[in-house]
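Hi,

Here's the structure I promised to pass on to you.

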Amino acid sequence: MTNHQKLRIGIVGSTGYGGVELVRLLLTHPLVEITSVISSSSAGEPFSDGYPHMTEILSQPLDPVDVELIKSKADLVFTATPAGVSTELAPKLLDAGLKVIDLAGDFRLQSRETYERWYQKKAPEAAYLQKAVYGLSEVYGEEVAGASFISNPGCYPTATLLGLVPAVKAGWIDPDTIVIDAKSGVSGAGRGVSLGVHYSEVNENLKAYKVNKHQHIPEIEQVLSREAGREVVTTFTTHLVPMTRGIMSSMYAEINGTRTEEDFIALYREYYEGRKFVRVRNKGILPATKEVYGSNYCDIGFAVDARTGRVTIISVIDNVVKGAAGQAIQNMNLMMGWDETLGLMHAPIYP
Ligand SMILES: NC(=O)C1=CN([C@@H]2O[C@H](COP(=O)(O)OP(=O)(O)OC[C@H]3O[C@@H](n4cnc5c(N)ncnc54)[C@H](OP(=O)(O)O)[C@@H]3O)[C@@H](O)[C@H]2O)C=CC1
Ligand SMILES: CC(=O)N[C@@H](CCC(=O)OP(=O)(O)O)C(=O)O
């Protein structure tokens with residue numbers, strides 16, 4: 001295949017952490033080429049000025065956010081922008097005939113009212129919201145195939161939902177009893193500096209934040225409700241951990257009936273059969289964030305407590321890969337009818 005036939009990719013928000021991770025991964029994808037890296041604040045500057053580790057790898061100048069220009073240079077656009085930007089931009093890109101994969105939260109919630117309450121921003125127009133397919137690849141991959149507009153899941157919801165959906169769908173756990181305790185590395189907050197992610201605030205520290213207020217709560221509840229076939233509400237608490245990448249979601253729920261760890265392992269292995277990026281650990285082995293670092297894997301492990309009748313489910317991802325850029329590329333592969341693993345089979349970096 002010549003370069004000419006490759007799918008041409010534009011990245012809005014290329015100067016952020018999600019954007020630069022898209023660049024890193026797409027550079028080795030066999031069927032695409034990055035034709036436009038886009039910035040709202042640094043157009044004209046070489047991409048590698050902001051990221052010297054990309055010197056002589058990707059030094060092309062940043063393009064402005066100009067829909068006509070993007071249309072002339074790209075077939076598919078990733079928007080890796082702060083909440084609120086794609087609400088306005090994605091409809092224009094779609095109207096220009098481009099395929100769009102949005103990494104932000106703007107199009108994830110079906111209810112406009114729920115979005116406005118949790119994000120404190122104006123919701124997208126209903127007509128465009130209805131076009132967006134929620135791209136939790138291993139659960140809704142069939143809906144993603146052939147779609148032209150994907151709303152990529154949040155990082156915490158990806159780890160959490162991949163860990164909960166099979167058990168909720170099978171009715172093996174009581175959805176009313178689920179408690180989710182989640183922890184993230186600091187890159188989850190993006191490249192922008194703020195007091196909360198300042199080195200001396202984060203280093204040698206562990207803090208809970210946005211308790212009962214996190215914008216990912218309605219996203220998690222939306223999917224759990226759909227899979228359970230009834231409304232589910234849940235307790236979800238996020239913590240900031242002094243590490244760069246990684247999310248661990250520790251989930252607790254009451255088991256319906258009597259199930260062993262072997263039962264959960266078999267259920268999940270069957271649910272994710274043929275899906276390379278979810279790895280279910282053997283009995284007695286729980287995953288750690290370093291075991292997925294830099295990769296698109298989500299690793300899941302179980303501990304059943306016969307004494308309390310509860311199961312603990314541990315799910316880990318790399319927030320910028322499976323939690324953002326990696327899953328977005330997986331969704332692009334599914335949209336295009338390609339093997340979902342193209343460009344993504346990187347082994348985790350260890351140690
Ligand atoms: N970091 C993570 O782990 C994850 C992030 N996400 C989501 O992905 C999105 C991007 O996150 P992340 O990369 O971490 O964020 P960053 O803050 O690192 O980057 C966002 C980029 O958006 C660009 N931008 C800001 N305003 C505008 C605008 N008005 N128009 C166009 N571009 C704009 C900025 O670049 P410039 O000034 O050059 O235009 C900036 O570099 C967010 O919605 C985030 O919530 C989702 C899952 C995980
Ligand atoms: C560590 C950290 O601050 N993480 C961010 C994740 C934000 C994110 O990914 O936002 P959307 O998925 O909603 O776009 C947070 O908790 O808000």
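Let's start with one pair of residues: Phe 78 has Ile 101, in β4, as its bridge partner. Keep in mind that this is a predicted model. That pair belongs to the link between strand β3 (residues 76-79) and strand β4 (residues 99-102), which run parallel and are joined by four bridges.

Now zoom out to the sheet. It's an open one with six strands, paired in parallel, and the order is β2-β1-β3-β4-β6-β5. At the edges you'll find β2 (32-38) and β5 (133-134); each has a single partner strand, so one side of each has no neighbour in the sheet. Helix α12 packs on this sheet, where it touches β3, β4 and β6 (149-151), and its direction makes about 150° with that of β4.

α12 (residues 321-335) also meets another helix, α7 (residues 137-144): their axes come within 9 Å and cross at roughly 35°. The crossing is right-handed. On the α7 side, the residues are Ser 137, Gly 141 and Val 144, and they meet Gln 327, Gln 330, Asn 331, Leu 334 and Met 335 of α12. Sorted by type, that contact has three nonpolar residues, five polar ones and no charged ones.

Last stop, ligand 2. Which residues surround it? Among them are Ala 83, Ala 104, Gly 105, Cys 155, Ser 184, Gln 215 and Thr 238. The shell has five nonpolar and six polar residues, with no charged ones. Why does ligand 2 lie between domain 1 and domain 2? Because domain 1 (3-131) and domain 2 (156-318) both give residues to its shell.

Methods:
Residues are numbered from 1 along each chain as its sequence is written. Chains are lettered from A and ligands numbered from 1 in the order in which they are written. This is a predicted model: local features need pLDDT of at least 70, side-chain atom pairs count only at pLDDT 80 or more; totals for chains, interfaces and linings use all residues. Axes are lines fitted to C-alpha atoms, for helices over the stretch in contact, and angles run from 0 to 180 degrees between N-to-C directions. Helices (H or I, at least four residues) and strands (E, at least two) are DSSP runs, numbered from the N terminus. A crossing is left-handed if the near helix is turned anticlockwise from the far one by less than a right angle, and right-handed if clockwise. Two residues are in contact if their C-beta atoms, placed from the backbone, lie within 7 Å. Ala, Val, Leu, Ile, Met, Phe, Trp, Tyr, Cys and Pro count as nonpolar, Asp, Glu, Lys and Arg as charged, and the others, Gly among them, as polar. Two strands pair if DSSP finds at least two bridges between them. A residue is near a molecule or strand if its C-beta atom, placed from the backbone, lies within 6 Å of it. Domain bounds come from an automatic or database domain assignment.
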